[in-house]
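Have a look at the model first.

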Amino acid sequence: MEQDVITAQRGDREAFVRLIKNVELSLYRVAKSILRRDEDCADAIQETILKAYSGINVLKEPAFFKTWIIRILINECNKILQKQKTVTKVDEHLLGAAYFSDYEKVDLREAVDRLDEKLRIVVILYYFEDISLKQIAETLGTSEGAIKARLHRARKILADWLKYTQEGKVGYEPC
């Protein structure tokens, strides 16, 4: 992948396409964990690809392409969230409680999707995208200690929730 980054920086469009194909599933998973709606995910990913294409020359270390493009994606997702907040506000607590009352069992991925955004994005990047704590901290602009604390908190919430669902109860509420 590093060679494709170098080639893409020299203007090779096919190399850039290969790079995007290598990370497209990761981009979708991260966008989906933040935005939820496929239409919003598609918008964020499209903007991310455009910005990455026009800015690939500023990437100094080809080995960090995936981290770099995910950082762009997170920024794009946050822009979409900001626009949505100005348009409408929904009581997510009531929505989440109503949704969970219809189900007795929910798999781990659905549980992760119910986490607060700050916890959810760290779990997705660390466990699903296999990105290091240091790179996550850099991507999110925070300390490694904060990332470790978020992971710890998320694991505790998920463990508690899974314990309750195994007992036939609904014990998880969004943060």
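Axes here are lines fitted to C-alpha atoms, for helices over the stretch in contact, and angles run from 0 to 180 degrees between N-to-C directions. Helices are DSSP runs of H or I with at least four residues, numbered from the N terminus. This is a predicted model, where local features need pLDDT of at least 70, side-chain atom pairs count only at pLDDT 80 or more, and totals for chains, interfaces and linings use all residues. Residues are numbered from 1 along each chain as its sequence is written, and side-chain values use heavy atoms, with hydrogens and water left out.

Helix 1 (residues 2–9) packs on helix 2 (residues 13–35) at about 140 degrees, the axes being 7 Å apart. That angle is why helix 1 counts as oblique to helix 2 (under 35 degrees is roughly parallel, over 145 roughly antiparallel, 65 to 115 roughly perpendicular, the rest oblique). Touching residues (heavy atoms within 4.5 Å) are Asp4, Val5, Thr7 and Ala8 from helix 1, plus Ala15, Phe16, Arg18 and Leu19 from helix 2.

Now the second largest pocket, with about 220 Å³ of space. A pocket is an open set of points on a 1 Å grid over the protein atoms alone where a 1.4 Å probe fits, with protein on both sides within 12 Å along at least five of seven lines; lining residues have an atom within 4 Å of a point. Helix 4 (65–87) gives the largest share of that lining, five residues, and helix 7 (117–128) supplies at least two. Among the lining residues are Ile34, Asn78, Lys118 and Arg150.

| Helix 1–helix 2 contact | five residues | one residue | two residues |

Key: Ala, Val, Leu, Ile, Met, Phe, Trp, Tyr, Cys and Pro count as nonpolar, Asp, Glu, Lys and Arg as charged, and the others, Gly among them, as polar. Grid points are joined across faces, edges and corners, and a volume is the space filled by probe spheres set on the points.
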